[in-house]
Amino acid sequence: MSKVDMDYIFEQIDDDITNVLDKYIKKGFVSNNGKLFFEDDKILDDFEHHLKGLQNLIKMTYKEK
């Protein structure tokens, strides 16, 4: 089995998820802090937390037995 470039995969996932969020986040959304989705530190912290969880799930699929 050839080595998988996980950094590349994660970069692509980040881009893909960002595209999904851009598509489905309510137009004109402003957070309780008066900021846009990707400008609100609390929302970005949540995003990063869940993105890391998704990355860990994907890593698990590539681990050798």
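First, some ground rules. This is a predicted model, where local features need pLDDT of at least 70, side-chain atom pairs count only at pLDDT 80 or more, and totals for chains, interfaces and linings use all residues. Residues are numbered from 1 along each chain as its sequence is written, and side-chain values use heavy atoms, with hydrogens and water left out.

Start with the pair of helices, α1 (residues 6–24) and α2 (residues 41–62). Helices here are DSSP runs of H or I with at least four residues, numbered from the N terminus. The two pack at an angle of about 135°, and their axes sit 11 Å apart; axes are lines fitted to C-alpha atoms over the stretch in contact, with angles running from 0 to 180 degrees between N-to-C directions. That makes α1 and α2 oblique to each other, given that under 35 degrees is roughly parallel, over 145 roughly antiparallel, 65 to 115 roughly perpendicular and the rest oblique. The crossing of α1 past α2 is right-handed, that is, the near helix is turned clockwise from the far one by less than a right angle.

Now look at who meets whom. From α1 come Met6, Ile9, Phe10, Ile13, Asp14, Ile17, Thr18 and Leu21, and they face Phe47, Leu51, Leu54, Gln55, Ile58, Lys59 and Tyr62 of α2; contact means heavy atoms within 4.5 Å. By type, the residues of this contact split into 11 nonpolar, 2 polar and 2 charged (Ala, Val, Leu, Ile, Met, Phe, Trp, Tyr, Cys and Pro are nonpolar, Asp, Glu, Lys and Arg charged, and the others, Gly among them, polar). Setting aside neighbours within four places in sequence, Met6 touches Ile58, Lys59 and Tyr62.

Met6 also belongs to the largest nonpolar core, a 9-residue group with Ile9, Phe10, Ile13, Leu21, Phe37, Ile43, Phe47 and Leu51. Such a core is a set of buried Ala, Val, Leu, Ile, Met, Phe, Trp, Tyr and Cys residues joined through side-chain atoms within 4.5 Å. The largest share of this core, 5 residues, comes from α1.

What about Phe37? This residue lies in the loop between α1 and α2, yet Phe37 is buried at 18% relative accessible area (buried is under 20%, exposed over 50%, partly exposed in between, with a 1.4 Å probe and protein chains only). Not counting residues up to four places away in sequence, Phe37 touches Leu21, Ile25, Phe29, Ile43 and Leu44. Gly28 lies in the loop between α1 and α2 too, but counts as exposed at 69% relative accessibility.
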